[in-house]
Amino acid sequence: MRNPFQSVKGKLLTFALCISIMPIAVIATIYHLNARRTVKKQTLDLLKAVAESRKSHVLSFLKEKEERAIDFSSDALIGDSLAAIALGGYRKEDAVMSLNRYLLMSKKPLDPNIVAIAVVDQYGKVVASTNEGVIGMDVSPEEVFARGISKGYREASVGQPHYYPYLDADCIFISASIT
């Protein structure tokens, strides 16, 4: 029996087949690499668009919360109550209870994302809050408190997100000086 690859005809057929397969293999490889690069670029562009959208939503959310804090800080009842609490005397307890009730019933329902509202005196002590567990706490070590005090009228300070054990929640503190 003769080996078909040994004849001239078999050798020519094998040579022609190899010559035609090589360009097909090269073209297929180039096409695959190009398609992979295109899919990768499209995926990265889509992810970039999603990230930009998320960034925009987060910044909008934070701006809205910042403006809410500024609105609360300019509330006359909160300012008057804080002044009465600072003066002390026999009306202090009534002012604290009244302010706690006002914050809980009138301010907190305005925004379902608010975990708690706290009114802090100039020394960093919480004097009133929607969460009575934090009343009396010292928040002066919080960076957002120090920055909030140094801000001017109708300006707020936004802190970094972190877990706050007293509220048992991840929080972003926003502070604004009461006027």
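The second largest pocket of this predicted model has a volume of about 230 Å³, a pocket being an open set of points on a 1 Å grid over the protein atoms alone, where a 1.4 Å probe fits, with protein on both sides within 12 Å along at least five of seven lines; the volume is the space filled by probe spheres set on the points, which are joined across faces, edges and corners. Of the 15 residues that line this pocket, Ile-85, Lys-92, Val-96, Lys-125 and Val-127 are the closest to its centre, lining residues being those with an atom within 4 Å of a point. Helix 3 (92-107) supplies the largest share of this lining, 5 residues, and helix 2 and strand 2 each supply at least two, where helices (H or I, at least four residues) and strands (E, at least two) are DSSP runs numbered from the N terminus. The lining divides into 8 nonpolar, 3 polar and 4 charged residues.

The largest pocket holds about 1,100 Å³ of space, and among its 39 lining residues the closest to the centre are Ala-116, Ile-117, Ala-118, Ile-174 and Ser-175. Helix 1 (8-73) gives the most to this lining, with 7 residues, while helix 2 (76-87), strand 1 (118-120), strand 2 (126-129), helix 4 (143-150), strand 5 (169-171) and strand 6 (174-176) are also elements that each supply at least two. By class, 27 of the lining residues are nonpolar, 7 polar and 5 charged.

Residues are numbered from 1 along each chain as its sequence is written. Totals for linings use all residues of the model, whereas local features need pLDDT of at least 70.

Notes
Predicted model: local features only at pLDDT ≥ 70, side-chain atom pairs only at ≥ 80, totals over all residues. Heavy atoms only, no water. Nonpolar A, V, L, I, M, F, W, Y, C, P; charged D, E, K, R; others polar.
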